[in-house]
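Here's a walk through a fold, a few stops at a time. Keep the structure open and follow along.

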Amino acid sequence: MSITVDGPDFVALQVRDVEAAARFCEKHLGLVRVPASPPGAIVFDTKPCPIAVREPLPGTDLDAGRPGLGVALWFSTPDAHALHDQLVAGGVEILTPISDSPFGPVFSFTGPEGYVLTVHGA
């Protein structure tokens, strides 16, 4: 029998400015910090798994291209249209307009330090 994994258990975005990235997540996405985080990181109370912003790991060159290139990070929200409007009002760059998908309304925007984040309605 082989050992398998269950799925993502923790997600961290490596960023140059941890505090600025955390403020973006709080202001624009409504994320809430957990009471204690490891050094060099800020962890948020998200479900089904925690997400964090953290200092780059050794050997990570954030200037080598768009952060997260090749990785699709999706968030769910009860109201994609309202979140879209909130992000627009907050000056966040919307990359793809809201469109219908098998997962409900979906759109992408520029997150902290250029990460492309996608949101879909629940």
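Which side chain makes a polar contact with the side chain of Thr 118? It's that of Ser 108, at 2.8 Å; a polar contact here is a pair of N or O atoms within 3.5 Å, and within protein one must be able to donate a hydrogen and the other to accept it, with residues adjacent in sequence counting only if both atoms are side-chain atoms. Before going further, note that this is a predicted model, where local features need pLDDT of at least 70, side-chain atom pairs count only at pLDDT 80 or more, and totals for chains, interfaces and linings use all residues. Numbering starts from 1 along each chain as its sequence is written, and side-chain values use heavy atoms, with hydrogens and water left out.

Back to Thr 118, which sits in strand β7, residues 116-121 (helices, H or I with at least four residues, and strands, E with at least two, are DSSP runs numbered from the N terminus). With a relative accessible area of 8%, Thr 118 is buried; that word means under 20%, while exposed means over 50% and partly exposed is in between, using a 1.4 Å probe and protein chains only. Setting aside residues up to four places away in sequence, Thr 118 touches Leu 73, Trp 74, Phe 75, Val 106, Phe 107 and Ser 108, contact meaning heavy atoms within 4.5 Å.

Now hop to another threonine, Thr 110, in strand β6. Thr 110 is buried too, at 14%. Leaving out neighbours within four places in sequence, its contacts are Phe 24, Arg 66, Val 92, Glu 93, Leu 95 and Tyr 115.

Glu 113 isn't a glycine, yet it has a positive phi of about 55 degrees. At 28% relative accessibility, this residue counts as partly exposed. The backbone has another detail to show at Lys 47 and Pro 48, which are joined by a cis peptide bond with omega about 10 degrees. Pro 48 is in the loop between β2 (41-44) and β3 (51-54). For context, most residues other than glycine have a negative phi, and most peptide bonds are trans.

What about the helices? Helix α1 (residues 18-29) and helix α2 (residues 80-89) pack at about 125 degrees, with axes 10 Å apart; the axes are lines fitted to C-alpha atoms over the stretch in contact, and angles run from 0 to 180 degrees between N-to-C directions. That makes α1 oblique to α2, since under 35 degrees is roughly parallel, over 145 roughly antiparallel, 65 to 115 roughly perpendicular and the rest oblique. From α1, Lys 27, His 28 and Leu 29 meet Leu 83, Gln 86 and Leu 87 of α2.

Finally, the cysteines. The structure has zero disulfides, a disulfide being a pair of cysteine sulfur atoms within 2.5 Å. Cys 25 is in none, and the nearest cysteine sulfur, that of Cys 49, is 14 Å away. Cys 25 is buried at 5% relative accessibility, and Cys 49 is buried at 14%.

One last stop is Gly 68, in the loop between β3 and β4 (73-77). Gly 68 is partly exposed, at 31% relative accessibility. Its C-alpha atom is separated by 25 Å from that of His 81, 13 residues apart along the chain.
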